[in-house]
Every structure is written in structure tokens, then in C-alpha cells.
Amino acid sequence: MFQWNWDSIAAECTQFLGPAGYGYVQVSPPQEHITGSEWWTDYQPTSYQLVSKRGNRAQFANMISTCHAAGVGVIVDTVWNHMAGISDGTGTAGTAFTHYDYPGVYTTDNFHHNCAQSDGDVHNYSNRTEVQSCELTNLADLDTASLAVRAKLAAYGNDLISLGVDGLRLDAAKHIPSGDIAAILSALSKNVYVTQEVAWGSGEAVQASEYTTAGDVQDLRYSSALKDAFNSGSLVSLANIASNPTSQGWVASAEANVYVANHDTERLGSSITYKWDRNAYTLATIFSLAYPYGTPTILSGYEFTTYDAGAPNNGAGSCNAGSGWICQHRWPAVAGMVKFFNQVKGAPLNNWVSDQASQIAFGRGSSGFVAINFSSSTWTKTFTTPLPDGSYCDVVHGGLASGACTTSPIVASGGKITVAVPAYDAFAVHVGAALTAPNKRGVDLGMRQVGRSRSDM
């Protein structure tokens, strides 16, 4: 829920996220930061007081308890790598600071000052020392090898945990040595879910595989692969991701946190975005929630025309028409596929078929089946599937509601289903959206859904 404020997220957990089956909601950095309307000001800390553009400590704590009551965990976007990138100012809680002096938190000795580059910034990503001790565009780079710095960061993490936070998304983790992250995490009061931003680059010194012992990794290759596939129209190129990702240099599925786009990639043009035509963003999200690789995260953001543009309505989230918020998490196809993901979790990939490069379909054991047609003509086909005989609701177009399908049911009989998939569209069915009770032999109805068995926001 990128840039939504705490009160809005609390309401959305109750009204939609919990009932829709989302397991977690990821929230923007909650610590004090530099002032300004731009989205990136949230990522320039000035202290670890929980007072930000999104709300104060009491509102943050209320959001967590409200989301928990709705069955939704909370993951916090966490900035451990750096502090502010400006010479001086006053933070959102009133803290006056200079670039390397944050009263009561850090002094100049707590930062790296040994960068070989004249401007102090990272330029050469093939040099490990530079990547992890120089600055990201002037952001004051913390010396995370320092015991004093580690103690401050762990104290911040423990403060979040004391309020009930369930996970941490470590921003710019690539710029922190993996051993330093492990040391900080070891000082936390309890284990929480951890995902780390480690952007991949060919030939770079720091690789995502170094960070998998600490938690999941976001290495951007998955979103790049989706972009390439939909840009070229060759969805068949996505077929082998799950079979042996490590042979391609990717982290294993159990260690990957994947997404179609995040707040950085959609602004940098390095991923599919909501602005793409031919329904590409929705179809890529359907694939992400159906295909068995990684733990999916869904970006829910807002419309923007410039890189710096901050959230509409001062961060008060709303899915009303004209609000400026995109609310991808509420799109019927996305919400329907969250339930698909929950239902097929752990089921193997099977019955892959592709009549042409832009058309793919596959099953997930005997629990579900999906087809994606990224071509300009209808794809009519009889598919093979081990789904039990019965009538199923298409969850891409509404699913099961009040005991009836919102669109014409899809009938499975004798291991076959026949469907006409419109151009630039998809369908998905699963045993949890059966109109008539199927023969459930072979379907694991006792599969637990805890923690990462549910899709994240």
C-alpha cells in the first residue's frame, strides 16, 4: 500500500484486505524523515521516532492492531542503510539535523567517509567496497560494521516488533554487507519475516545469493523477465523459471520475493507498469499469482506523471473514482487471483501448453488451472487438466458469489475443459470456486495457510 497513511491502511485491512485473503500489507517507512511532498522523502530518515507523513506512533500502532484483527500481518519498509541526503533541515517530528549529525542518534563517526570517488557516491558496481561504503546519491551512508550503529538499528527494529510488526522489507540491502544484516537481525527480540532489496546487475560484485540466509530476496530479475516477455509477446519464455531457477543464477523459489513492479521500477521504466496497454499489467499479475516461483507482492500505488510526485490527498488512501489512487489490490482479476494463489499453494506445475508464443496455460496439480492469451485473437482450446469433474467459476472475471458464478461457469469433465479466451485476457479456475461440489480425490483440503501461504500487498 505504497504511500497510504496509517488510518487509511487500517480501514482497508478491515474493509477489503482481510476478507480478500491478503496475508500481509507492506507499509511505507514509518520513521521520522525529511520534509517534502515527494515520495522519496520517506526514505531519508532523520531519527527513529515514529512520526512521518503517514501518521504518528499511536496511529501506526492502531493500524497494526486493526490489521491483525482482520487477519492481515504488517511488513514495514525499513531503511537501515543510510540517513538523509541533504545538508541540513528539520524532520517531520521536529528534529533539527545536519548531513552527518542527528542529535541523540548519530554523529559523524557513525558514517562511512572512506569512499574513493571524489563525490562520495557509488559509481562502480563491480567494486564491492564502493557499493557498500560509498553513498547512494549523497545519502549519508551508515557504518553498519560499527557496534554502536548496529545497536541503534536493532533498537529501531525492536521498537517496531514491540508494536506487533510481522516483517521487515530492508531497503537498499545490497549496500549493506550481508554479515552486518545478519548481526543486526540476531539482536532482534524475535524472528520476523525479512525480505531484502538486492537489485541484480550483470557482473556486479554483490549478488542476491549472499543474502538468502537472512531472509527472502527481491533481486528484480523476475520483474525484468516479465517485462521482456510481455514487451516481446513471447510469454513462452517464462516456462522454465520454476524448473531450475538456480541454474539461471536466480535464487531458489523459497528464497524469492517477486513482483510485477514496485515503486522504484515503475518510475524508472524497468518493469511493466499500470500505464502499459493490452491489459499487460493485469495479465502479468495473473501470471505472478498463478506460477509457482517465489512469494508474490502486489504493488498498490497511485497515478503519477513525474518521478517525484507524492501521494494524492496527502496520503489518505481511497479507491473511489477520481481519487488518484490506482488500487490494484482491488482489481477483480487481482483479488480473484489472490484466492487462486491461496488455494493452489504448494501444488506442482503441470499441463503446460502454448499454441503460440503469446498464449500460455498451465495447471497447479489438481487444484487449479489458468490460461493467458496475450494475442490479438481469441484462443479457443480444449485443455487437459486433472481438476475433478464439476463446474467452476472464473476468478479472473468475478468468481463465485452468493452460490453462483458471476460469468458463465467452466465445466471440467473427464480431464478436459474447453474455453474461448478473448484477446489480451485470461481465465483461472480452482477447486475453491467450484459451483458444484467436485470429486475431491487428490485435492489437499488440509493445506495450512499461515504466514507466506497467502499473498502479500
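This is a predicted model: local features need pLDDT of at least 70, side-chain atom pairs count only at pLDDT 80 or more; totals for chains, interfaces and linings use all residues.
The phi angle of Ser 402 is near 55°, which is a positive value in a residue other than glycine.

**Backbone angles in two loops**

- Most residues other than glycine have a negative phi.
- Against that background, Asn 314 has a phi near 55°, a positive value in a residue that is not glycine, and Asn 314 is placed in the loop between strand 9 and helix 9.
- Asn 314 counts as exposed because its relative accessible area is 72%, a value that lies over the 50% cut-off for that class.
- Ser 402, for its part, has a relative accessible area of 85%, so Ser 402 is likewise classed as exposed under the rule that requires over 50%.

- Once its neighbours within four places in sequence are left aside, Arg 330 is in contact with Glu 12, Gln 15, Phe 16 and Cys 319.
- For Glu 12, a polar contact joins its side chain to the side chain of Arg 330, at 2.6 Å.
- Leu 17 is 313 residues away from Arg 330 in sequence, yet the C-alpha to C-alpha separation of Arg 330 and Leu 17 is 8.6 Å in space.

**The largest pocket**

- The largest pocket holds about 870 Å³ of space, and its lining is made up of 36 residues.
- Nearest the centre of the largest pocket, among its lining residues, lie Leu 136, His 175, Glu 197, Asp 264 and Leu 268.
- Two elements, helix 6 (221–232) and helix 7 (265–268), are those that give two or more residues to the lining of the largest pocket.
- Of the elements, helix 6 gives the most to this lining, contributing 5 residues.
- By residue class, the lining of the largest pocket divides into 17 nonpolar, 11 polar and 8 charged residues.

Methods. Residues are numbered from 1 along each chain as its sequence is written. Side-chain values use heavy atoms; hydrogens and water are left out. Contact means heavy atoms within 4.5 Å. A polar contact is a pair of N or O atoms within 3.5 Å; within protein, one must be able to donate a hydrogen and the other to accept it, and residues adjacent in sequence count only if both atoms are side-chain atoms. On a 1 Å grid over the protein atoms alone, a cavity is a set of points where a 1.4 Å probe fits but cannot get out, and a pocket is an open set with protein on both sides within 12 Å along at least five of seven lines; lining residues have an atom within 4 Å of a point. Grid points are joined across faces, edges and corners, and a volume is the space filled by probe spheres set on the points. Helices (H or I, at least four residues) and strands (E, at least two) are DSSP runs, numbered from the N terminus. Ala, Val, Leu, Ile, Met, Phe, Trp, Tyr, Cys and Pro count as nonpolar, Asp, Glu, Lys and Arg as charged, and the others, Gly among them, as polar. Buried means under 20% relative accessible area, exposed over 50%, partly exposed in between (1.4 Å probe, protein chains only).
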